[in-house]
Amino acid sequence: MGKYILRRFLFSFFTLIGATAIVFGLSRAVGDPRDLFAQEGGYGVTEETYEHLTKMLNLDKPLYMQYFIWLGKTVRGDLGRSLLGQKDVADLIGEKVLNTLELTIFSWILSTLIGIPLGVISAIKRGSIWDWAGRFLALIGQAAPPFVIAIVGILIFAVKLGWLPAGSGESYLIKGVFRGISSGDFSLVPAFFSGGWKHYVLPVGTLGLAASASYLRLTRSSMLEILDSEYIKLARAKGVPERVVIWKHALKNALIPPLTLAALIFVGFLTGTIIVETVFVWPGLGLLATTAVSENDFPVMTGSVLLFAVFYAIVIFISDLTYGLVDPRIRYS
Amino acid sequence: MTLSTKIGVDKPSYLERNLPLYKQLIGVVRFFQRWPVIPIFMLSILVLLAVFADVTGYDPELPALRDRTLPLFSEPVDPLTKDLTRHWLGADQFGRDTLTRIMHGARITLYVLLISAVSGTIIGTTYGLVAGFFGGIVDDILMRILDLVYSIPFLLLALVAAVVFDPSLLVVIVLLAFLAWPAFVRNVRAEVLTLKERDYIMYARVAGASRVRLLLTHLLPGVINTVIVIATLRIGQLILAEASLSFLGAGVPPPTPVWGALVAEGRDYLNSAWWVSMFPSVGIFLVVMSLNFLGDWFRDRFDPRLRQLGS
C-alpha cells in the first residue's frame, strides 16, 4: 500500500513536471518573449528596454536554467504580472479560485443526486416512463454542447419567463463561509439563502446536466448487469423483499463504477467551467483564462492553466487512492 | 385475409394490443433502433448541406448592412439589381444569410472532422498495434507516455495553443487529432495482445513474414472492427470539442462560418434575433446525436464487448 501511494505520488509529480514543461515550452515558442512586453519599434522602446527585459526574463541564461528559475518562482507563488494592468497573477487567481470551486462542488452534488437515483430507477423499471425519461435526459446531456444548454436555459428561464438571473450574483456561499471564518463577517451567507441562490441555478444546472447523463448511463448499465447476477437471484429466491434486494444487495455493488466515475466527473467540471463561466460571466478561473486568451495576456494564461493542471493532478491522485476503499477487490500493486 | 396471417407471421405485439400511446411509440422507436435510419438520414443531410453550400447565392462572409438581423423568410429587394432574395433562416447581425453560413459551416466541419478523425485514428491505431506487438520495454514506455497525455486537460491545452499560435484551421485540426488518438490505444493494444498469441500469427512468423507484414496484413484486420466502432463514437466528441473551441474564440478564426462560432456570435442577439444561434445549436445537437446512435449501433453489431465504452 505504501509503495503504491509512493508510485502514484511520483507519477503525479512527473505529470506536473511534464505539464509545467509544456506550459514553459509554449511560453518560449511564442517567439521572443520580450516582444510581449515591448513591441519592436513601439513607442519609447529602445535597446536599453530590451537589455533590461533580457536581464529580467533571464534570457541570457541557457534554456534549462530558465525553466528551473521559472519553476522556482512558480513554486514560491510568484506567477509574474499580468500584461494588462500589471497585476500580480497569483492574486488575480487567488480571487477566482473559490468562485470556480463553488460552481464545481454544487454541480457535482447536483449531478450525483440526479444521475445515480435516476439510473437505478431506470434500470429496475425497464421500459417504464422513468426509463425513457432517464434515457432522454442522457441523450440530451451527451449530445448537446454545454454552451447550447446554457443558451437555451437563458432563453427560457431568464429571457422568456424571467424567473432566474442570467449572470453571476454577488453572494457566494463557500466564499461567504470562508470570509466568515477568516474575518468574522458572515453577511454573505444569509444573502445566499435570501436570493443569491438564484444565480446558481442556471450555471450549476448546465454543468450538472451533462455530468448526470454520464452518471445515469453508467449506473443504469451496471445496475442491469448486477440485477442479472446469481446472488441477486438467490436473494430473491430465498424471499428477501424486493426493496431490500434492490437497495441493499444490488445497489452496493452497482455503485462501484459510478463512484469511480465521480472523480473523473469532478475533473471534467474543472474544464467544463471554462465554457459555463464564459456564458454566465461567472468570475472564476475559466473566465479568467478565456479573457486572457482574447487579450493575449500570457502570464495570466499560463498561471490559470498551471492551477488547473495542479487541481487535475491532485484529484486524479486522490481518486486513485480511494479506488481501493470503494472496491476492496482492487489490489494496490 | 392478409398476407401476414396467411404465412403465419405475427404482427409485432406493439401494433396488435391496445397499449397506451407512449408504449406504441416505443414500438416505433424500437424499429428505428434496430436500423440506424434516422442517424444516416441526418448525416446525409449534413453532407448535402455541405455539398450544395453555394446554391443559396449568398456570400457566407460578406456583410450586408441592409439585411441586418432580418427575421426568417424575409425577402429583401436588392436596390440595384431588383432581384428578390430570400433569407430562409433570417440574417445575422452583419446581414449575412444564416442558412448560407450554416451550410458553409457544415462544409468546414466535415473537412476538419474528416482530416482530424482519420489522422487521429491512424496515429492511435498504429500506437496501439506497436505497443501490443512489441511488448516489453517498448510497451511500458509507450503506455506511460499515454498516461501523461491523458492527464493533460484538452481544453486548456487548446487555449494555450490558441494564444501561442495564431488560431487557424490547421491548429484546430492538429488539436482535434491530438484529442482523438489516445482513445484507440488501450483497446487496440488489448486486442493485439490476445491476437498475437494465436496460432496463425505463429505460422506466419515461421513462414518468415516480416514484422511490418505481420502488423499490417495479419494483425490490423483483426482490430479493424474495434477501430471503426471507437472512431464513430469518437467523432461526436470531436464535434463538441471543435464547437467548444470556436465558441471560446480559440477555434477557426472569424469570419469563417464554423458552427460553434455561429452560436457564439448570436449569443448577444438572443432577444432580437434568436435564429442566429438557435439553428446552428440545433444542428450541432442533431449531428452529435446521430453520430452517437450510429456509434452505438456499430458497437452492438460489430463489437459488443466494447459496451463499457461510452456508457
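In this predicted model, helix α13(A) bends by about 40° at G272(A). The helix covers residues 256–280 of chain A, and its 25 residues should span 36 Å at 1.5 Å a residue; the end C-alpha atoms sit 34 Å apart, which agrees. Most of α13(A) is covered, with 18 of its 25 residues buried. Just past the helix comes V281(A), whose phi is positive at about 50°.

How confident is the predictor about chain A? The mean pLDDT of chain A is 77, and 83% of the residues score at least 70.

| Element of chain A | Residues | Mean pLDDT |
|---|---|---|
| helix α2, lowest | 34–37 | 62 |
| helix α11, highest | 230–237 | 88 |

Now over to chain B. Its helices α5 (residues 98–134) and α6 (residues 136–150) have axes that come within 7 Å and cross at roughly 145°. On the α5(B) side, the contact uses Y127(B), V130(B), A131(B) and F134(B). They meet G136(B), V138(B), D139(B), L142(B) and M143(B) in α6(B). Sorted by type, the residues of this contact are seven nonpolar, one polar and one charged.

Finally, the two chains touch: 33 residues of chain B are in contact with 40 residues of chain A. On the chain B side, α3 (21–34), α7 (154–164), α11 (211–247) and α13 (275–302) each supply at least two residues. That side of chain B divides into 24 nonpolar, eight polar and one charged.

How values were computed. Residues are numbered from 1 along each chain as its sequence is written. Chains are lettered from A and ligands numbered from 1 in the order in which they are written. This is a predicted model: local features need pLDDT of at least 70, side-chain atom pairs count only at pLDDT 80 or more; totals for chains, interfaces and linings use all residues. Axes are lines fitted to C-alpha atoms, for helices over the stretch in contact, and angles run from 0 to 180 degrees between N-to-C directions. Helices (H or I, at least four residues) and strands (E, at least two) are DSSP runs, numbered from the N terminus. Two residues are in contact if their C-beta atoms, placed from the backbone, lie within 7 Å. Ala, Val, Leu, Ile, Met, Phe, Trp, Tyr, Cys and Pro count as nonpolar, Asp, Glu, Lys and Arg as charged, and the others, Gly among them, as polar. pLDDT is the predictor's confidence in each residue, from 0 to 100. The expected span of a helix is 1.5 Å times one less than its number of residues. The bend at a residue is the angle between axes fitted to the seven residues ending there and the seven starting there. A residue is buried if 20 or more other C-beta atoms lie within 10 Å of its own, exposed if 12 or fewer, and partly exposed in between; C-beta atoms are placed from the backbone.
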